[in-house]
Structures are given as structure tokens and as C-alpha cells.
Amino acid sequence: MKYFKFLLVGIFFGIVLVKSEAVSWYRIYEMFRFQSFHMYGIIGTAIATGVLFLQISKKGFVKSLKGSDIFVPKKEKGFSRYIIGGSIFGLGWALIGACPGPMYILLGTGVYSMIIVILAAILGTFIYGVLKDKLPH
């Protein structure tokens with residue numbers, strides 16, 4: 001029951017994304033064709049909110065579930081790894097019309113073809129886990 005609040009936040013997040021049309025394939029299509037600011041506004045707001053809460057947590061005002069300070073490790077430097085990974089993620093997002101969070105939201109709204117997409121994403125994650133040590137990082 002202590003995780004019930006996270007379920008409620010997830011449900012609220014799903015409702016907000018559906019009502020703001022952030023999970024709409026047409027909105028995503030408009031974004032990738034640079035025809036509308038709608039999705040860029042949503043993503044920009046998410047980035048600004050993430051930066052704000054990260055800074056607040058670094059100051060020690062927000063604690064983890066266990067009451068300890070939240071520590072965010074530094075990312076490894078590198079340019080190509082982020083360009084390649086971001087390009088693969090973006091291509092998948094453009095082809096499917098949904099990133100990982102909205103896949104589940106779309107399934108919840110009755111888009112049952114997302115089951116195939118979710119299974120493919122899980123399979124891809126499993127394959128990466130198997131090949132991780134053999135890939136250049």
C-alpha cells in the first residue's frame with residue numbers, strides 16, 4: 001500500500017497526457033514535421049520542471065522513500081553515444097508514434113496494437129541486456 005500513491009500519480013500523469021493530446025499520433029507527427037509548437041511546449045515544460053526538481057533535490061529539500069538524500073551520479077562524457085542512442089530512440093518514437101510512457105497510456109485507452117510495441121520494447125531491452133558487455137560504451 002505504500003506504493004499506492006505512485007499508482008495514483010501515474011494515473012494522473014496518464015490523464016494529463018491524454019487530455020493534453022501528448023499521446024496523439026497526429027500531434028507527434030506535427031512535431032516531427034515542425035508544423036506545431038504544441039509538443040515542443042509540453043517537452044520544454046517537462047525539461048524545465050525536471051531541472052527545477054533536480055536542483056531542489058540537490059539542495060536536500062527532497063528525500064528518497066527511505067529518507068536519505070537523493071544522489072544523481074555524473075554521466076560519462078561522450079558525444080557519439082548520445083547522438084546514436086538519441087537517434088535510435090527518436091526513430092522508434094517517429095515510427096511508432098509513442099515513447100515508452102505513452103505506450104502504456106495508449107494501451108489503457110484501448111489501442112490494443114500497442115501490445116505488440118510493448119512486447120518489442122521489452123524484447124529489445126532484453127537483447128541489450130544480453131549484449132551490453134560486448135558493445136562499446
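Here is a guided walk through this structure, from the whole chain down to a few of its residues.

This is a predicted model, in which local features need pLDDT of at least 70 and side-chain atom pairs count only at pLDDT 80 or more, while totals for chains, interfaces and linings use all residues. Residues are numbered from 1 along each chain as its sequence is written, and side-chain values use heavy atoms, with hydrogens and water left out.

Let us start with the whole chain. The protein chain has 6 helices and 0 strands; helices (H or I, at least four residues) and strands (E, at least two) are DSSP runs, numbered from the N terminus. Its C-alpha atoms fill a box of roughly 40 × 40 × 35 Å, taken along the principal axes. Of the 137 residues, 15% are buried, where buried means under 20% relative accessible area, exposed over 50%, and partly exposed in between (1.4 Å probe, protein chains only).

UniProt, in an unreviewed entry, places the feature "transmembrane region" at residues 38–56, 82–105 and 111–131. UniProt positions are given in the numbering used here, feature names are shortened, and annotations may be inferred rather than shown by experiment. In the model, residues 82–105 are 88% helix, with end C-alpha atoms 26 Å apart. Residues 111–131 are 86% helix, and there the end C-alpha atoms lie 31 Å apart.

Next comes helix α3, residues 38–58. Its 21 residues reach 30 Å from first C-alpha to last, close to the 30 Å expected at 1.5 Å a residue (the expected span is 1.5 Å times one less than the number of residues). Ser57 is found in α3, and it counts as buried because its relative accessibility is 7%. Gly60, with a positive phi near 90 degrees, follows the helix.

How does α3 meet α2? The two pack at an angle of about 90 degrees, with their axes 8 Å apart; axes are lines fitted to C-alpha atoms, for helices over the stretch in contact, and angles run from 0 to 180 degrees between N-to-C directions. That makes α2 roughly perpendicular to α3, a label covering 65 to 115 degrees. Arg27, Ile28 and Met31 in α2 meet His38, Met39, Tyr40 and Ile43 in α3, a contact being heavy atoms within 4.5 Å.

Met39 also leads us to the largest nonpolar core, which has 14 residues, with Met39 and Met103 making the most contacts inside it. Such a core is a set of buried Ala, Val, Leu, Ile, Met, Phe, Trp, Tyr and Cys residues joined through side-chain atoms within 4.5 Å. Helices α2, α5 and α6 each supply at least two residues of this core.

How values were computed
Parallel < 35°, antiparallel > 145°, perpendicular 65-115°, else oblique.
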